[in-house]
Amino acid sequence: MGLPSVKEVEARLGEVRCAICKKNRFGIDSRSVGEDGNWKAICRDCFYTFPVHTDMEFYLQTQPDVPYRLKEISCTGCEHRGVSLDFRAVLSVRESVYFVTCPSCQKKFPERSFLETFE
């Protein structure tokens, strides 16, 4: 499983809203892109930055509850149950989003993660 491209991550981040200004124009700071999979995204409107994690193999190995959660997520297109995790973004301490793909119809969509939401 390889890392997604910067262009793919930027395009898919447009499906969510900035935690500060509520707009959806994001970029990836090219200085942060490396093989470790921990990138920095920036809102192009208010310049808020947040982490994007693209190394999902390591994440799935170290977070035992996540694979069970992924099996429960239903596709927003075909309603197939179970998705694959492409990358995740931690938009704020209250909002983490999984960017997933349905293995049945290949639809890509964001899913809010309740496992990483802190109060």
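**The sheet and what surrounds it**

Six strands make up an open sheet in the order 1-2-3-4-5-6, with antiparallel pairing, where helices (H or I, at least four residues) and strands (E, at least two) are DSSP runs numbered from the N terminus, and two strands count as paired if DSSP finds at least two bridges between them. Strand 1 (26-28) and strand 6 are the edge strands, each pairing on one side only. From one strand to the next the twist averages 30°, axes being lines fitted to C-alpha atoms, for helices over the stretch in contact, with angles that run from 0 to 180 degrees between N-to-C directions. Helix 1 packs on this sheet and touches strand 1, strand 2, strand 3, strand 4, strand 5 and strand 6, while its direction makes about 155° with that of strand 1; contact here means heavy atoms within 4.5 Å.

The model is a predicted one, in which local features need pLDDT of at least 70 and side-chain atom pairs count only at pLDDT 80 or more, whereas totals for chains, interfaces and linings use all residues. Residues are numbered from 1 along each chain as its sequence is written, and side-chain values use heavy atoms, with hydrogens and water left out.

In the sheet, strand 3 is joined to strand 4 (residues 84-92) by two bridges, and these strands run antiparallel. Histidine 53 has its place in strand 3, and its bridge partner in strand 4 is arginine 88. At 16% relative accessibility, histidine 53 counts as buried, a word that stands for under 20% relative accessible area, with exposed meaning over 50% and partly exposed in between (1.4 Å probe, protein chains only). The side chain of histidine 53 also makes a polar contact, at 2.8 Å, with the side chain of asparagine 38; such a contact is a pair of N or O atoms within 3.5 Å, where within protein one must be able to donate a hydrogen and the other to accept it, and residues adjacent in sequence count only if both atoms are side-chain atoms. When its neighbours within four places in sequence are left aside, histidine 53 is in contact with Gly37, Asn38, Phe87, Arg88 and Val90.

Strand 5 (residues 95-101) pairs with strand 6 in the antiparallel sense over six bridges, and valine 97 stands opposite arginine 112 in strand 6. The hairpin of these strands has six residues between them, and in it glutamine 106 takes a positive phi near 70°. In a regular strand the side chains alternate between the two faces of the sheet. Strand 6 (residues 108-113) has a covered face made up of Phe109, Glu111 and Ser113, and an uncovered one with Lys108, Pro110 and Arg112.

Glu111 leads on to the charged pairs. The count comes to nine salt bridges, a salt bridge being a side-chain nitrogen of Lys or Arg within 4 Å of a carboxyl oxygen of Asp or Glu. One of them joins the side chains of arginine 69 and glutamate 111 (3.1 Å, N to O); because arginine 69 lies in helix 3 (residues 66-72) and glutamate 111 in strand 6, the pair ties together parts that are 42 residues apart in sequence. Arginine 69 counts as buried, at 19% relative accessibility.

Arginine 44 forms a salt bridge with glutamate 10, the closest N and O atoms being 3.6 Å apart. This pair links distant parts of the chain, 34 residues apart, with arginine 44 in the loop between strand 2 (38-43) and strand 3 (49-53), and glutamate 10 in helix 1 (residues 6-13). Arginine 44 is partly exposed, with a relative accessible area of 43%. A further salt bridge brings together the side chains of arginine 12 and glutamate 15 (3.9 Å, N to O); arginine 12 counts as buried at 4% relative accessibility, whereas glutamate 15 counts as partly exposed at 39%. Both residues belong to a network of salt bridges that links Glu8, Arg12, Glu15, Asp86 and Lys108.

For cysteine 46, the nearest cysteine sulfur is that of cysteine 18, 3.6 Å away.

Methods: A disulfide is a pair of cysteine sulfur atoms within 2.5 Å.
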